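Reader: Hi! Could you walk me through this one? I'd like to start with the charged side chains.

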Amino acid sequence: KEANEATALERYLPAAIDHEVVRTAVRGAIAGGATVMGALMGKVVPQFKGKVDGAVISAIVKEELAALAAGR
């Protein structure tokens, strides 16, 4: 019963956004000059508000900042 309810409710949820789309936005913000966590979150979160969990965005930002610090 619960599986059927979940399936019925999923029709009303927004489509899931691929994490690579978020990663591309983060990289774009870095290229635009935002190189600290707060600035990046401020630029990226509004683009995905209500579509991607903030924790996911935060994790991607941290990964990209680590890659930037490592010189990649």
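**Salt bridges and overall layout**

Author: Glutamate 20 forms a salt bridge with arginine 23, with the closest N and O atoms 3.5 Å apart. A salt bridge here is a side-chain nitrogen of Lys or Arg within 4 Å of a carboxyl oxygen of Asp or Glu. This is a predicted model, where local features need pLDDT of at least 70, side-chain atom pairs count only at pLDDT 80 or more, and totals for chains, interfaces and linings use all residues. Residues are numbered from 1 along each chain as its sequence is written, and side-chain values use heavy atoms, leaving out hydrogens and water.

Reader: Thanks! Where do glutamate 20 and arginine 23 lie?

Author: Both are in helix α2, three residues apart, about one turn of the helix. Helices (H or I, at least four residues) and strands (E, at least two) are DSSP runs, numbered from the N terminus.

Reader: And is arginine 23 buried or exposed?

Author: Arginine 23 counts as buried because its relative accessibility is 13%. Buried means under 20% relative accessible area, exposed over 50%, and partly exposed in between (1.4 Å probe, protein chains only). Glutamate 20 is partly exposed, at 43%.

Reader: What else forms a salt bridge with arginine 23?

Author: Glutamate 63 does, with the closest N and O atoms 2.7 Å apart. That pair links distant parts of the chain, since glutamate 63 is in helix α4 (residues 54-69) and arginine 23 in helix α2, 40 residues apart. Arginine 23 also meets glutamate 64 in a salt bridge (2.8 Å, N to O). Glutamate 64 lies in helix α4, so this pair ties together parts that are 41 residues apart in sequence. Like arginine 23, glutamate 64 is buried.

Reader: Nice. Which residues are linked in the network of salt bridges?

Author: Glu20, Arg23, Arg27, Glu63 and Glu64. The structure holds four salt bridges.

Reader: Switching topic: how many helices and strands does the chain have?

Author: There are four helices and zero strands. The radius of gyration is 15 Å, well over the 11 Å that the globule rule gives for 72 residues, so the chain is more spread out than a compact globule. The radius is taken over C-alpha atoms, and the rule is 2.2 Å times the number of residues to the power 0.38. Those C-alpha atoms fill a box of roughly 50 × 20 × 15 Å along the principal axes.

Reader: Last one: where is alanine 16?

Author: Alanine 16 sits in the loop between α1 (2-10) and α2 (19-31). With 77% relative accessibility, alanine 16 counts as exposed.
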